[in-house]
Amino acid sequence: MTEDYRSQLFAYAKDFNDLLRQHAKLQHRHQSLLQLQGRETNSSDLLHDLIGASRRPLLVTDARGNVIRANRGARHVLQGNGLHPLIGNLRDRVDAAGAAELDALLQHFAAETTNEAMVLCRLGLLHSDLPGAVITYTLLVMRARDMDIAQIHWQFLEPDAGQPLESLAPQRLLDMETARFAVLVTDPQARILAVNAGLCVMTDFTAEELLQRPISVLSSGRHTAEFYQAFWERLKTFGSWTGEFLNRRRSGNIYPELRTIKSVQDLNGRTLFYVSASHDVSDRNNSIEKLSRLAYHDALTTLPNRRLLDDRLAQAIKVARRGDDGLSLLFMDLDRLKPINDVHGHAVGDQVLQQVAARLEQTVRGGDTVARIGGDEFVILLPGINRIGDVEEVVRKLLTTLSAPITAGEFRLFVGASFGCARYPVDGVDGDTLIRNADAAMYVAKQRGGNQIGYLDVDTAIQARPTIGLDVWGAAERGEMRVVYQPQVGADLSRGLRGFEALLRWQHPVHGNIEPVVFIAAAENNGAMLPLGLWVLKTACRQARVWQDEGMGGIVMSVNVSYRQIQDPEFSSQVCSILAQTGLPPGQLELEITETATGMLEDEHFEQLQSLRGMGVKIAIDDFGIGYSSLKRLSTLKADTLKIDREFTRDIATSREALALCQCVLGIGHAMGMVVIAEGIEQVHQIEILAQHGCDLLQGYHISRPLEAAAVPEWARAATTCPRP
Ligand code: C2E
Ligand code: MG
Ligand code: MG
């Protein structure tokens with residue numbers, strides 16, 4: 001070959017390659033677009049594409065050897081310096097010996113078979129410039145299809161040096177440099193023989209770290225033995241496999257890749273190599289993720305949208321239905337967004353919304369959901385929160401975080417918010433009703449001037465489910481009610497068991513668990529409270545007597561009583577008869593009256609309680625500190641026990657005011673000769689502070705949640721052998 005000729009050939013090859021590269025780029029862009037649309041990359045083309053982009057001589061024929069296409073390199077092989085006319089059929093370029101080889105090859109590829117393996121073979125072709133001379137080439141031949149017409153792709157690897165095919169340098173099998181994908185070659189035992197730069201970039205391994213190592217160095221360990229078995233079976237039977245692998249990068253990171261593997265066989269079907277091309281599809285997965293983010297998230301703020309909120313709300317309602325914790329929903333409407341939009345434009349308004357969204361998310365707990373469901377409307381889902389006090393605590397934090405100025409562009413802007421609260425199941429038992437009611441409650445807050453929280457009151461909630469009032473009649477007799485018991489223990493280190501508070505539960509056949517505050521209010525309004533209250537008293541006293549007989553000596557049973565019960569002139573005699581019937585000593589019964597309820601009582605009712613107290617029954621003032629009663633009047637009640645409301649104990653470690661209030665209540669209680677119980681103990685640090693300040697008794701989830709009656713003896717045994725910290 002002359003030097004001139006060589007450089008001309010080189011120039012041709014370069015042109016061809018440039019074209020191919022450009023084509024590859026376009027195709028890559030096209031594929032990225034397809035990927036974005038969530039469509040699969042046509043992976044079996046990975047390898048064809050790779051081979052097509054090769055700088056080597058490539059010839060495409062039909063099944064009979066008629067030439068369809070030839071790149072410059074192939075034309076040179078067949079035509080020499082171009083003076084020969086372009087051949088029509090490969091047969092024209094072989095001698096007699098070559099014709100036999102060619103026939104064998106054409107027969108092999110013409111056979112109806114499912115084998116998609118590539119064939120590594122030799123073929124002697126007549127020298128294009130030296131008449132009579134034959135050059136034997138090593139060829140990689142594969143079946144292909146174009147518009148459903150069978151084709152054969154012939155790649156000229158190199159003039160053959162007569163070595164055994166399996167000892168061919170693996171780099172020669174694939175044109176590794178031009179590959180756009182991650183490419184590797186293994187021996188039949190799947191030991192890595194060659195990799196390209198793309199594979200090193202994808203996996204972060206260097207070539208040295210991979211060569212001669214089993215392919216399993218890239219395994220993620222995420223696939224099952226059955227997966228690999230099916231994979232090898234497919235590869236051995238069909239000579240080809242395409243699919244997604246989870247592989248491992250050098251750092252241990254797992255990534256998904258789309259891989260096509262082909263076996264390279266000799267004409268006898270013996271596997272000599274495996275070649276494979278792959279590319280990282282985590283991007284595609286990310287784009288699927290992106291799409292799903294768009295479907296479930298608000299594009300401006302990236303917060304969950306109404307659809308995702310509905311899903312999460314349905315899930316949270318399911319959980320709430322099974323347990324006692326309930327859930328609350330806050331509907332939030334941003335005050336003053338409209339004037340910001342009007343004065344500064346929508347771009348600034350958008351920035352405000354984004355910053356508000358970020359602040360809301362930072363303020364709530366991990367399990368809560370902040371969703372944007374409309375222009376300036378947000379919904380905050382608070383699973384596990386159902387006490388008004390807790391909801392207000394969240395709203396207080398949200399209002400504080402929103403009160404800081406928002407910097408948008410050159411402006412410092414101030415927004416406010418109105419919140420409406422709906423709680424499950426009080427204000428609704430399904431998502432739509434809860435959102436609607438929270439929205440309605442938000443208007444209450446807006447009407448009052450905004451920057452606060454509004455509620456649908458209990459009466460409205462009962463009206464919304466009119467059957468509750470009726471159903472509460474006879475619910476206990478129908479077996480829908482039960483009493484659970486929450487332990488009260490000493491605040492000293494021994495944590496001795498003092499007794500239990502009886503708490504009523506109603507499993508409504510349609511509405512599920514209904515919060516006591518709701519059905520107690522309904523019962524108080526329609527007269528059902530008297531029989532219901534008696535039923536609780538009887539159940540709790542009977543239970544206390546059973547436990548007393550089982551060895552829990554001297555425990556106090558605290559029973560909540562409604563102001564309606566105390567207003568009933570028969571109340572004290574009914575209590576007496578229950579004590580007599582059950583045999584519980586009067587000193588072991590405590591009646592809890594909320595501070596708020598005392599406001600509904602007249603002096604004569606106080607006297608009724610005093611007569612009971614005279615018999616030894618204890619009186620407790622419940623939820624002390626949140627009502628409006630006068631201390632003077634309370635002092636005439638002469639109670640034995642004061643219960644500090646959870647509102648104060650909750651913040652005792654973080655708020656000086658809460659601590660001061662607790663100290664105050666402890667002071668008042670002790671000064672009036674009362675025993676003080678702290679309610680709502682959820683954390684150990686609350687105990688330390690309360691004990692330091694002389695609190696007598698503790699009650700709360702940290703000690704124990706309210707227990708089913710059957711679980712109490714076991715709990716009590718465990719508590720005496722191993723007191724809680
Ligand atoms: P309460 O008498 O103040 O009862 C304590 C409430 O606080 C109970 O809620 C209890 O489950 C809950 N609680 C106890 N420890 C913790 C804690 O550590 N964290 C939190 N977050 N909560 C705690 P429950 O059972 O929902 O009762 C609510 C209210 O309903 C009671 O407040 C009481 O006023 C009333 N109630 C319950 N049963 C009866 C009853 O049989 N008759 C009457 N009249 N009222 C009842
Ligand atoms: Mg109570
Ligand atoms: Mg209480």
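Entry one, polar contacts of the ligand. I began with ligand 1 and found one of its nitrogen atoms 3.1 Å from a polar backbone atom of Leu504, taking a polar contact as a pair of N or O atoms within 3.5 Å. A nitrogen atom of ligand 1 also lies 3.0 Å from a polar side-chain atom of Arg646, while an oxygen atom of the ligand is 3.2 Å from an N or O atom in the side chain of Glu679. I then looked up the cover: of the 790 Å² of accessible area that ligand 1 has on its own, the protein covers 88%, by the Shrake-Rupley method with a 1.4 Å probe.

A note on the basis: this is a predicted model, in which local features need pLDDT of at least 70 and side-chain atom pairs count only at pLDDT 80 or more, whereas totals for chains, interfaces and linings use all residues. Residues are numbered from 1 along each chain as its sequence is written, chains are lettered from A and ligands numbered from 1 in the order in which they are written, and side-chain values use heavy atoms, with hydrogens and water left out.

Entry two, the shell. Around ligand 1 I found 23 residues, of which Glu501, Arg505, Asp622, Glu682 and Tyr701 come nearest; a residue counts here if one of its heavy atoms lies within 4 Å. Strand 19 (497-508) gives the largest share, four residues, and helix 16 (516-526), helix 17 (529-549) and strand 23 (618-624) each supply at least two; helices (H or I, at least four residues) and strands (E, at least two) are DSSP runs, numbered from the N terminus.

Which residues coordinate the magnesium ion (ligand 2)? I found Glu501 (OE), Asn560 (OD1), Glu592 (OE) and Asp622 (OD), at 2.0 to 2.3 Å, with donors being N, O and S atoms within 2.8 Å of the metal (3.2 Å for Na, K and Ca); water is not among the atoms, so sites may look incomplete. Asn560 in strand 21 (residues 556-560) and Asp622 in strand 23 are 62 residues apart.

Asp622 counts as buried because its relative accessibility is 4%, and Asn560, at 29%, counts as partly exposed; buried means under 20% relative accessible area, exposed over 50% and partly exposed in between (1.4 Å probe, protein chains only).

Methods: Polar contact = N/O pair within 3.5 Å; in protein donor to acceptor, adjacent residues only side chain to side chain.
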